[in-house]
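Here is a short briefing to keep beside you while you look through the sequence and the fold.

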Amino acid sequence: MIRATRILRADAIGAGEIVDRIVLDHGDRHRRRVAMRGVGGLAFLLDLAEPALLEDGDALVLEDGRLVWVEAAPERLLEIRAGSPLALKRLIWHIGNRHIPAEIAEEAVFIAEDHVLAAMVRGLGGTAEPVRRPFRPEGGAYAGGHRHDGGHGPHHHDHGHDHPGHRPHGHDHGHG
């Protein structure tokens with residue numbers, strides 16, 4: 001099986017033969033080694049040196065130099081809004097305190113659909129409307145990697161409870 005051994009970031013894609021594409025949700029875009037099949041049927045092994053976040057618009061480079069386009073799949077999300085920029089900042093603070101992935105836009109924040117967090121947001125005066133769109137959350141201040149918006153890859157710290165691939169740092173975040 002042909003292997004994809006590196007990522008070509010969207011801003012670096014130039015000439016190259018794109019032979020297929022993969023459509024992955026946010027969770028499936030954070031990988032190191034997994035067998036994949038493109039939309040057009042190309043089977044290949046993603047075989048990176050370390051886990052990486054595949055961003056919408058990146059390409060995987062196959063051993064023979066051909067490229068497989070990466071596309072972010074639409075997901076069920078909550079679009080969270082508030083009546084003012086300050087109110088939205090407060091909502092973002094409360095969401096961040098839950099240590100969940102969040103995509104921050106100019107006038108909204110997007111999180112994975114969650115009825116408990118939707119109720120919290122509404123209780124704090126915001127709106128939380130279900131939407132279906134690609135999810136491109138912030139990476140976190142302590143993450144490695146690259147993002148097109150100047151951020152970084154997925155966050156890599158733990159909170160005294162289980163998250164695969166993270167190290168504990170022994171404090172409580174009040175998750176019950």
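A salt bridge here is a side-chain nitrogen of Lys or Arg within 4 Å of a carboxyl oxygen of Asp or Glu. D47 and R3 meet that rule through their side chains, at 2.6 Å from N to O. Please keep in mind that this is a predicted model.

**The whole protein**
- The protein has two helices and 10 strands, and from the N terminus its elements run β-β-β-β-β-β-β-α-β-β-α-β.
- Of the 176 residues, 36% are buried.
- Among contacts between residues at least 6 apart in sequence, 58% join residues at least 24 apart.
- The accessible surface comes to about 10000 Å², and 52% of that belongs to carbon and sulfur atoms.

**Salt bridges**
- The count of salt bridges comes to 12.
- D47 is buried, at a relative accessible area of 15%, while R3 is partly exposed, at 30%.
- D47 also meets R33 in a salt bridge of 3.2 Å, N to O; R33 lies in strand β3 and D47 in strand β4, so this pair ties together parts 14 residues apart in sequence.
- E103 forms a salt bridge with R133, with the closest N and O atoms 2.9 Å apart.
- Shared partners join R3, R32, R33, D47 and E63 into one network of salt bridges.

- You will find R29 in the loop between β2 (18–24) and β3 (30–37).
- A polar atom of the R29 side chain lies 2.7 Å from the backbone oxygen of F135.
- Beyond its neighbours within four places in sequence, R29 is in contact with residues including L54, D56, V70 and R136.

**Helix α2**
- In α2 (residues 115–123), the residues L117, A118, M120 and V121 are buried.
- Seen down the helix axis, these buried residues fall within an arc of 160 degrees, so they line one face of α2.
- H115, V116 and G123 are exposed on the other side of α2.
- The cover over the buried residues of α2 includes β7 (74–81), α1 (85–96), β9 (109–112) and β10 (127–134).
- At the start of α2, a side-chain oxygen of D114 comes within 2.8 Å of the backbone nitrogen of V116.
- Just after α2, G125 has a positive phi of about 95 degrees.

Conventions: Residues are numbered from 1 along each chain as its sequence is written. This is a predicted model: local features need pLDDT of at least 70, side-chain atom pairs count only at pLDDT 80 or more; totals for chains, interfaces and linings use all residues. Side-chain values use heavy atoms; hydrogens and water are left out. Helices (H or I, at least four residues) and strands (E, at least two) are DSSP runs, numbered from the N terminus. A polar contact is a pair of N or O atoms within 3.5 Å; within protein, one must be able to donate a hydrogen and the other to accept it, and residues adjacent in sequence count only if both atoms are side-chain atoms. Contact means heavy atoms within 4.5 Å. Buried means under 20% relative accessible area, exposed over 50%, partly exposed in between (1.4 Å probe, protein chains only). Accessible areas come from the Shrake-Rupley method with a 1.4 Å probe; for residues, only the protein chains shown count as cover. The arc is that of the directions from the helix axis to the C-beta atoms.
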